[in-house]
Amino acid sequence: MMDTRKQMEDEPAAAPDAFFPGELGPGPAWLQSVRQRARGRLGQIGFPTVRDEEWRFTNMAPLLQWPLHAAQSDGRPIGPAEVKPFRLAGQGHCLVFVDGFFRPDLSVLPGRGAALQAGSLRAQLEANPRELEQHLGCHAGFDTHYFTALNTAFFQDGAFISVPADAIIEKPVQLLYLAASGRPGAAVHARNLILVHGGGSLKVIETYASLTEAAHLTNAVTEVSLGPGARLEHCRLQNENERAFHVAAVQAVQGRGSHWLSHSIATGARLARNQIQTLLNAEGAEAILNGLFLARDGQLMDHHTVVDHAQPHCESHEFYHGILAGRSHGVFNGKIFVRPNAQKTNAKQTNRNLVLSENAVMDTKPQLEIFADDVKCTHGATVGQLNGEALFYLRSRGLDAAQARRLLIRAFADGVVERVTLAPVREHLEQLLTARFQGLER
Amino acid sequence: MLEICNLSAGVDGREILKGLSLSVAAGEVHAIMGPNGSGKSTLAGVLAGRAEYAVTGGSVTFNGGSLLELKPEERARAGVFLAFQYPVEIPGVNSTVFLKAALNECRKARGEPELDAVEFLSLVRQKTRLLELDPALLSRAVNEGFSGGEKKRNEIFQMAILEPKLAILDETDSGLDIDALKVVAEGVNKLRRPDNATLVITHYQRLLNYIIPDFVHVLIAGQIVKSGGKELALELEERGYDWLLEAAAANEKT
């Protein structure tokens, strides 16, 4: 029998132009030069293969066989009825993107004169690009990240959110990305920029979902800049259809005393690669990286996180939980960098994985690179099954095996869900997880 | 109520129970005593349905039906309760949620209506008083962060809620100080009824000062070698197990 992995590795990486033909995305001259640089990187980086250390377990090669094309509306009208089931923010604002195109008619936008700015990035680039120049394309590095470079060169639109200094925005803002095209191979490079200026506070929910069962590619990049004392709760919910490939990069840059609470909850896509990164760039910054994935038959869920302690007296706490059922594959790679002057760093990383099936595989790797001496860094990774003694205990009180398993799986997920402060998101996750746990209990 | 007949069982091919017979009627308290390794916990595990034990011979009849064919949860619903020697901590599973679900499963099996949240909480309040258990513990995860004494009291509290027909107390006295022991014993005594029975498994006689057994059985090397009334426990306290061990060894040789 032929070794398929070997065969794939020997295949030459497709040239980026063949992989993704087309003009660079729109924008002013400074952005065009960033886009050109990004496109230039594509050829040098090369399409990722499993020979690259960063992509060892995550094989993107199937994408090269797809009839990839820039997503377009396929003419099927998408109205409020299609959007409603995905709305989470309650009374908050919502920016809706269908196949990557901003739909103001389906969105709930802040009024004129409101402190909060939230709308289309493309529109902002046309109307008032100046504020963007020092952020857009500056935070999410594309020198070594193929998909981030691809996004930077070709993104058409996305969300721009800006919170002025000292403004506390109570109601969450939801970014809702719906893949609606029925034609397989549609690709969307979504680009989001979230700015919270000094002392400001914001909650953002990014939702990615599919309206059809057609294979599609989402390649989303979110850049976050937090000024001194700024706070952001950032919740990423990815529940795309199980033919989709989902690639995400989130890069936060945190100012003095800022606070970033990041959630990445992944239940969808055939292959999901999430790169969640923060740069703790001034004293007293704190980041909490909270994550949960639930993989079932045929799914691959990959989280790569980077917490970069560049300055002293910063804290990071990372909790990632994975649940694997059926023939699924989970990947976790958690990097923590502590730079030479980042004394008094307190960094903590926990990765726990619950494997429910003999056919599931979990690869987990903590990666700590510490160049300062007066620091506290801990990490722990576990891969295990449900606790047999706990199962027996629950059953010995009258719960059947399925109920007992469900309770224990649920408890495992709840550790992560409880860190979400947004009640509508928690309620949504309750329902989603309950539905997803049906059938996993055996 | 419980008829154990010539029961043999073991783990990993090693036989631990070697033809054990015991008969327990409703309203009775039986104590099983024995030195370490005699098979006491194996007996408790086999009765509760622990998967790691393989039954190699004999039968167990509970209220007329074969117990050994039932799954652990079916035994619980039929009225068998095991108070664990080492109650497991289950992070993330709320005590109250779990116990309400368990009780309602048992009630359904008995053909009784399920309790709603209000009815359940009033039952809980009543039973926590009985065990002098801090109700705040029940808002926590099952046994998580409980002290040794709290865990054991929680076992008896669960028993009070589930109202089993047969309660098996596996070394419930181990790790308890004298005050906690009295509270636990008091709880067990209050739960005694003419239609239920209790099997107290213990190494020491101490617990039997507070839970007065009707019968005492000595388990050695997987068999009951001596049975008697409550005075047998006192005799064991005084003389230890050696005289019975010697007798058992002599018996085995012949």
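This is a predicted model: local features need pLDDT of at least 70, side-chain atom pairs count only at pLDDT 80 or more; totals for chains, interfaces and linings use all residues.
In which order do the strands of the 10-stranded open sheet of chain A run?

**Stop 1**

The 10 strands lie in the order 3-2-6-9-11-13-15-17-19-21, and their pairing is mixed. At the edges are strand 3 (101-102) and strand 21 (376-384) of chain A, each of which pairs on one side only.

Now select residues 259-266 and 286-295 of chain A. These are strand 13 and strand 15 of chain A, which pair in the parallel sense over eight bridges. Strands of a sheet pair through backbone hydrogen bonds, either parallel or antiparallel.

**Stop 2: the domains of chain A**

Colour residues 31-282 and 390-442 of chain A separately. The domain assignment of chain A gives these ranges as domain 1 and domain 2. Their centres, taken over C-alpha atoms, are separated by 30 Å. At the boundary, 12 residues of domain 1 of chain A are in contact with nine residues of domain 2 of chain A. On the domain 1 side, strand 9 (201-210), strand 11 (231-239) and strand 13 of chain A each supply at least two residues. The largest share of that side, three residues, comes from strand 11 of chain A.

**Stop 3: A38(A)**

Select A38(A), which is in helix 3 (residues 29-45) of chain A. Is A38(A) buried or exposed? It has 23 C-beta neighbours inside 10 Å, so it counts as buried. Leaving out residues up to four places away in sequence, A38(A) touches F142(A), A149(A), T152(A) and A153(A). For a distance across the chain, select E369(A) as well: its C-alpha atom and that of A38(A) are separated by 28 Å, with the two residues 331 apart along the chain.

**Stop 4: the sheet of chain B**

Move to chain B. Four strands form an open sheet here in the order 2-1-4-5, with antiparallel pairing. The edge strands are strand 2 (14-24) and strand 5 (65-66) of chain B.

Select residues 2-11 and 54-62 of chain B, which are strand 1 and strand 4; they pair in the antiparallel sense over seven bridges.

One pair to display is T61(B) with its bridge partner S66(B). The two strands form a hairpin with two residues between them, and N63(B) in the turn has a positive phi of about 50°.

**Stop 5: helix 5 of chain B**

Select residues 148-162 of chain B. At 1.5 Å a residue, the 15 residues of helix 5 should span 21 Å, and the end C-alpha atoms are 21 Å apart, which agrees. The helix is mostly covered, with 11 of its 15 residues buried. Among the buried residues are K152(B), R153(B), F157(B), M159(B) and L162(B). The cover includes strand 6 (80-83), helix 3 (95-109), helix 4 (117-131), strand 9 (166-170) and helix 6 (178-191) of chain B. After the helix comes E163(B), whose phi is positive, near 50°.

**Stop 6: the core and the chain contact**

Select F81(B) and I168(B). They have the most contacts inside the largest nonpolar core, which has 191 residues. Domain 1 (31-282) and domain 2 (390-442) of chain A both give residues to this core, so it lies between them. Beyond four places in sequence, F81(B) touches A76(B), M159(B), L162(B), P164(B), L166(B), A167(B) and I168(B).

Finally, show both chains. In contact are 20 residues of chain B and 18 residues of chain A. On the chain B side, helix 2 (72-78), strand 7 (90-94), helix 3 and helix 5 give two or more residues each. Helix 3 of chain B provides the largest share, five residues.

Key
Residues are numbered from 1 along each chain as its sequence is written. Chains are lettered from A and ligands numbered from 1 in the order in which they are written. A nonpolar core is a set of buried Ala, Val, Leu, Ile, Met, Phe, Trp, Tyr and Cys residues joined through C-beta atoms within 7 Å. A residue is buried if 20 or more other C-beta atoms lie within 10 Å of its own, exposed if 12 or fewer, and partly exposed in between; C-beta atoms are placed from the backbone. Domain bounds come from an automatic or database domain assignment. Two residues are in contact if their C-beta atoms, placed from the backbone, lie within 7 Å. The expected span of a helix is 1.5 Å times one less than its number of residues. Two strands pair if DSSP finds at least two bridges between them.
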